[in-house]
Amino acid sequence: MNHPTTVKIIKFHAEKCKGCLECEKACSKVHFKTDDGQDKSAIHIYKVSSSYKMHVCNQCGLCIDMCPVGALTRRKNGVVTLDKNTCIGCQACVGFCPIEAMAKSDTRIEPFKCISCGACVRACPEKALELIEAKIDDIKKIVYHKQGA
Amino acid sequence: MAEGQIPIEEYETGNTKHKWNFKKIKSSHKVIAEYNYKKREIKNGFANSTLYINLRTNQIKEKKVTEDMKKKFTGGRGFGLKLLWDSIKPTTRWDSEDNNLIITTGPFCGITQYPGCGKSLCLTISPSTDIICDSNVGGFFGPYLKFSGFDAIEIQGKAKEDVVILIDGEKGKISIETAPLEETDSHLLNEQLTNMYASEDNEESRQNVSVVSAGTAAEHSYWGCLNFSFWDIRRKVARMKQAGRGGLGTVLRDKKIKAILAKVEKFSGLQNNPADPVTLAKLGTKIHKEIRNLDRYQCNMRTVGTGHLVEIMDEYDLLPTENYRFGSFPKASKIYSTNFYKLFTKIIPDGCWHGCTMACAKTVDGFTVMTGPYKGQKVTVDGPEYETIGCGANMGLWDPLWILEFNFYCDTYGLDTISTGTAIAFYMEMYEYGILNKERCDSLELCFGNAEAALEFIHRIAQGDKGEFLSVAKKGIRRMKDWLIEKKWGDRQLIEDTGMESKGLEYSEYVTKESLAMQGGYGLTLKGPQHDEAWLIFMDMVNNAIPTFEDKAEALHYFPMWRTWFGLNGLCKLPWNDVEPENNAETDDPSKVPEHVQNYVELQNAITGWNVDKKELILQSERCYNWQRAMNVWMGRGRRQDDWIPYRSMGPVTRMEYISRKERYDKQLAKILGLSEKEVEDMNIEKKMKLLYDYKQDQYQKLADAVYYRRGWTPNGVPTPKKMKQLGMDDPKMLKMIQKKIDEDEKAGLNVWGGRYKRGENPPSKDLHYW
């Protein structure tokens, strides 16, 4: 079977960001049909001293091997997707995400994640976000499985 | 298989594939009874209904779970005790028509957010002990039973021919059908039934089916276990976990049940309808992170499961070797977890229920079977866990592949690896002493290290071999002791002291000679010697944290109660202390893992909507623990004499054992007798062994005195009416019964302390009627 070799991931240009959080609002619109942002958004912008930082899934795919029911898969376009209908809400992917980017809102038991849809990129008035192509082999991570620390 | 991210449909185990004519198998079924029911929503962790089936009368009905039942028995094993009390007689034995085989869940069972929430608790009257045996097990059946609408299933009566019981939680229908053509051995049967009853031909549907079965050996042996399946969507295998102890599988087959199957439609992460899902998700995520960050530095459960204990036990002289004669062995490094790690398949979510990131259920895939009916086939072996590897050491099997072979056949034949391994080890020691030999063993050369003979023994059990030795040996150590003594084939004392059973149940795999508290952990138990109630070896022996009888008694009160609590809730104990918060050692009471106890308080409140604290959790257990002990008393056991343990678990039975640890024992004797080590050195070894024997026996009786007192029991070990009333267990029939038994003990002069107290030593109370 042919497997994808590349995937679109989000790149952040910190110098352009003004912290308006339009990206979060756009993201929560995609996932929850609301512009609440915050815990309903898969992308987060934080202020760190005088500049901003972005926190979002990097499509490494470690979570795929954590899912007991196969709700997390890498799609043909390389994006790691969580199927809400298959998910049984165990939070294993949330707890094991190496960068803690698997998102979870109190309003729903199933987590959710960045699907590289570009809604945040389009919503950003400062063009601080960009979808770039990455090689899956370069970003792929697998669950820790070695015996001994 | 370490590259990870393999798409589910592409994953391959390399196992032998089977083709069956499912249409033919299914069309041979004859429906015996059917029952349609209205599905209700689960509320705050309870389905509020239990399912009753009688295979003699073919009656199927539902029983309501009352609020009073929850208040007194909490759930899970507690419900099982209540259902047994209502259905059996004190004379009920394992093969009686009215013996009840019960599988229960508990309010946590089916929760996916926190690790270890998929346990079923199984109860019945055990063929080994003639009293209640309870055994906990993972797999998907418990959650699916509850999602189908039932907190428990109880089965009385025996069918006339082999049947399957189908719980269709999709349609709301229970049926009992004959099942003449299915396989009996679990690894095949579970795969057949999963495929036959999955709603659609896909992995998701197969994952929504779970089967309980026991294999061909469970029909003949007293060690029958129950195999609970959990379909692995990657391996495409009906993997299984075992309710191992006490012969539950023997009872299943005696009732002519080939399998019990539960299937559900799609379910969500909130199927249990918890009161506070936000707290559940938060606590779950917190412990997932703890496991992610710390497991690799602590127990390595995710990489090798409980097998990590082998090297630790060997190092501390606690790994049972050659029937518990020794606690370590030069060859033991061959079966350290590092060697199994090489064989295990990696990077797969290995929890036996969804959301268990501790994932200790390891497997070897594509294992080539070396003997017996499946020789040459490639199979998935679930495990081995520590206990099974420990059995390897006990039988002198130092090859991981033979331990896998033993594990595979025990599982698929439906045999408890612990009882089977411990018993074979005893038979091997008897063989070494010439008490048994090839002729007396139906031509089996059962000497230590003979893996082929051990496997042949198991195959013959499965075949229903009627040889004189096999007929006794398959019933376990207690019956073997009686047989050997009857045949006058060896010294009675030696036989009694070396056969590692108590109450008729075989020991699990820890050497307890140097830990008095752990001797109590095995002996002062409800169902027999298992590590389910208390594991105090390190606390007692290594850390010397509980030096006095009073301290030990407190530990033998708290830990059995705490550990019982998991069984009331449908929980696994491992996520409690097989991973510990980073700062645990700095807390007031590290052995209790206070932060995790607090997690459980908050979890129980979040699921049930109750408002409990940690003291209430212990009270929940005390109610059920005392109830079970009282039921043992009711059935004629559950007194001091029934808490007897073999001397092999206390000290050196043979000269060889004494000599092998001479320095240690000489030192102990010097301290006990107030002599110099030189003076002890000069004593003759038989004398030293006798002195040590008397001392250790007396210590055990003194421990029992302290523990009974702490638990609120009479000096003969009977829970008192006062204690039961304090706990709110005010069933008049129960109170009347225990009062009668206590009066009988009083008449017989049994309400006295067991220890011999010298001047300056005090029993727990001078007043023998302290209750």
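Guide: The contact between the chains takes 32 residues from chain A and 38 residues from chain B. This is a predicted model: local features need pLDDT of at least 70, side-chain atom pairs count only at pLDDT 80 or more, and totals for chains, interfaces and linings use all residues. Residues are numbered from 1 along each chain as its sequence is written, and chains are lettered from A and ligands numbered from 1 in the order in which they are written.

Visitor: What makes two residues count as in contact?

Guide: Their C-beta atoms, placed from the backbone, lie within 7 Å. On the side of chain A that touches chain B, strand S4 (72-74) and helix H2 (92-96) each supply at least two residues. H2(A) gives the most, with four residues. Helices (H or I, at least four residues) and strands (E, at least two) are DSSP runs, numbered from the N terminus.

Visitor: How do the residues on that side of chain A divide into nonpolar, polar and charged?

Guide: There are 16 nonpolar, nine polar and seven charged. Ala, Val, Leu, Ile, Met, Phe, Trp, Tyr, Cys and Pro count as nonpolar, Asp, Glu, Lys and Arg as charged, and the others, Gly among them, as polar.

Visitor: Why is Leu404(B) called buried?

Guide: A residue is buried if 20 or more other C-beta atoms lie within 10 Å of its own, exposed if 12 or fewer, and partly exposed in between. Leu404(B) has 24 C-beta neighbours inside 10 Å, so Leu404(B) counts as buried. Leu404(B) lies in helix H13 (residues 400-413) of chain B. Not counting residues up to four places away in sequence, Leu404(B) touches Val364(B), Phe367(B), Val381(B) and Pro384(B).

Visitor: What makes Phe147(B) buried?

Guide: Phe147(B) has 27 other C-beta atoms within 10 Å, so Phe147(B) is buried. Helix H4 (residues 141-147) of chain B holds Phe147(B). Leaving aside neighbours within four places in sequence, the contacts of Phe147(B) include Gly110(B), Val264(B) and Phe267(B). Lys263(B) is 116 residues from Phe147(B) in sequence, but 8.9 Å away in space, C-alpha to C-alpha.

Visitor: What makes H24(B) mostly covered?

Guide: Of its 21 residues, 16 are buried. Helix H24 (residues 614-634) of chain B reaches 31 Å from its first C-alpha to its last, close to the 30 Å expected.

Visitor: Why are H19(B) and H28(B) called roughly perpendicular?

Guide: Angles under 35 degrees count as roughly parallel, over 145 as roughly antiparallel, 65 to 115 as roughly perpendicular and the rest as oblique. Axes are lines fitted to C-alpha atoms, for helices over the stretch in contact, and angles run from 0 to 180 degrees between N-to-C directions. Helix H19 (residues 516-523) and helix H28 (residues 685-711) of chain B pack at about 65 degrees, with their axes 10 Å apart. H19(B) and H28(B) are therefore roughly perpendicular to each other. By class, their contact has four nonpolar, three polar and no charged residues.

How values were computed
Expected span 1.5 Å × (residues − 1).
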